[in-house]
Amino acid sequence: MTEPYAVQVPRGYRIGVWEVREPIATGAFGSVYEARRTEEVEGGEDLPRTAALKFLPTGTGTPRQLAHLRELIDREVELHRRLRRPRLIRMYDTLTVDDPGHPQLDGATVLVLEQAKGSLSALLESAPRPASGPALLAQICEGLAQLHRAGWVHGDLKPANVLLMQDGSARLADFNMAAELEGTHAYTPAFSTPDYTPPELLWSEIGERGRRIRPSADVWAFGVLAHLLLTNSFPLPGGTPTARRDAAAAYARGTDELRLSPELPDVWREIVRECLTRTHADRIATDGLLRRVEAAAGTGRSPRLPRVLLPRRRSRRTTVLATAAATAAVAVLGYGISSWTGSDADGKGSAATATGTGTGTEKVTPATYGASELRTDKGVPVAYRRLIVDSAHDCVQPEVTPALIAALLKAESNFDPDLSDPTAGDEGEYGIARWTPSILRWYVRADGVPATETPRPPLTPAESIPAVGRYLCFMEPRLEQTGLSGDRRVLLAAAYRTSVKSVNAAGGVPPKYRDYAARVAHYLKEYTPPGKT
């Protein structure tokens, strides 16, 4: 196995009655493997022939890491032990590895979980706005109602944490953020996915026991998920999670209105509005939500899972990343970890997929991609078109355009992905965007959180180009709104080369950088299609 799995378990490894087979997915703290039962167990008639084993490294790590990991495990195990509901993924057993001969595994906790055939996130990647969407939403809402009636809050509802079974039915999964209610509130670790976090929790106070959370937080997340499933878009504007988080805050303050997609059917529009109220007190209660959702879905029939998520059994020699079918199988994300093929521990996408080059499962970028915003006849390499166009689209600032990002890259490196200038400053500048690694650290992740480690050269276009878009998007509101002379897009490029402070202080492009700004302006005009400004 060549993948950087958090917990590396060799094929054929035995734990209890289980034999490890293929790897399924991994995250920063744990890894999931397919396993088969090797023997009958007395009183174990309930055990399936195959299961998903979630390995968590509780035998290694620092005391602080282990304390955090143990808390998350205890939450998940406690919920599984106390709740057996048809819309929640099942846990059959918990095991502890006792194997001093394998120190990297010794002491690990293993959760034996029901094995799914796909995830909602994988379904949305392969088939946005699936026909089964309303029925899936009814089943997801049923799972939330089961949790809330039992006195628990999920705390991290999102597509990756909804698993799809062989028959296409949905199960809620990943309960390590789940918390039991103590009256009207529960307490959960201060981690969440920004797109699915209600405004009242985005900057909430974090006490010794964690963050206070209510069932209404799950209702908000359901509203976001429903909008995404039915329209292939988020209900709040913005091209990045950070921008959408800021939009949620503006909405909660009353300075902006909720503008739902016109493609959202009327019956669902009212449901989503009742989920996405400005305050938690105004949100619809879960039981009332379930009744509304079931009525909107029309029937309780379980939708059939699309064929793309049900690959035939893999060959023993087929690795997880080798084929498109394996990619679909790996996308079983809801066991509390993320798929390695989608992002690494720092949230950066794989370089091959992002650039649109390569073979197999990677996206192939057509030469005309984004042609209405970025000319196709002026030398912008096709391999970087998707990254450039998509990075600009991830920013809500209209000045950040594909042509601007392309012009900046041309001026910085002449599109050279292998550029290396170790003499530029204390750290040097590297890659297609001439990033200083310690600055890139702050913009390399899509969720707006700094990377845990400073990136090391070589810096790939897949991490460098999206970071340019994020940095420009961050700087634009910080440029003076009045008193600056020159094209604001060129001023942004100058700020990228020097700083926002320098551009504001100079009232425009600082003299030292006028040649650079002139080159950007030249290429900006060259790369902008006729009729665009």
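1. A disulfide is a pair of cysteine sulfur atoms within 2.5 Å. A search of the whole structure finds one. Cys395 and Cys473 form this disulfide, with their sulfur atoms 2.1 Å apart.

2. A word on the source. This is a predicted model, where local features need pLDDT of at least 70, side-chain atom pairs count only at pLDDT 80 or more, and totals for chains, interfaces and linings use all residues. Residues are numbered from 1 along each chain as its sequence is written, and side-chain values use heavy atoms, with hydrogens and water left out.

3. Back to the disulfide. The torsion about the S-S bond of Cys395 and Cys473 is about 85 degrees, so the disulfide is right-handed. The pair links distant parts of the chain, 78 residues apart. Cys395 is in the loop between helix H11 (382-393) and helix H12 (402-413). Cys473 is in helix H14 (residues 461-475). Helices are DSSP runs (H or I, at least four residues), numbered from the N terminus.

4. Cys395 counts as buried because its relative accessibility is 9%. Cys473 counts as buried at 16%.

5. Cys141 is in no disulfide; its nearest cysteine sulfur, that of Cys275, is 7.5 Å away. Cys141 is buried, with a relative accessible area of 0%. Cys275 is in no disulfide either. Cys275 is also buried, at 0%.

6. How do H3 and H5 pack? Helix H3 (residues 133-149) and helix H5 (residues 215-231) pack at an angle of about 170 degrees, with axes 11 Å apart. Axes are lines fitted to C-alpha atoms, for helices over the stretch in contact, and angles run from 0 to 180 degrees between N-to-C directions. H3 and H5 are therefore roughly antiparallel, a label for angles over 145 degrees.

7. Which residues make this contact? Contact means heavy atoms within 4.5 Å. From H3 they include Leu136, Leu137, Ile140 and Cys141. From H5 they include Phe222, Leu225 and Leu229. By class, the contact has 12 nonpolar, two polar and one charged residues. Ala, Val, Leu, Ile, Met, Phe, Trp, Tyr, Cys and Pro count as nonpolar, Asp, Glu, Lys and Arg as charged, and the others, Gly among them, as polar.

8. Last, Ala247. Ala247 is in helix H6 (residues 241-253). At 12% relative accessibility, Ala247 counts as buried. Not counting residues up to four places away in sequence, Ala247 touches Leu236 and Pro237.

Notes
Helix = DSSP H or I, 4+ residues; strand = E, 2+ residues; numbered from the N terminus. Buried < 20%, exposed > 50% of the residue type's maximum accessible area, 1.4 Å probe, protein only. Parallel < 35°, antiparallel > 145°, perpendicular 65-115°, else oblique.
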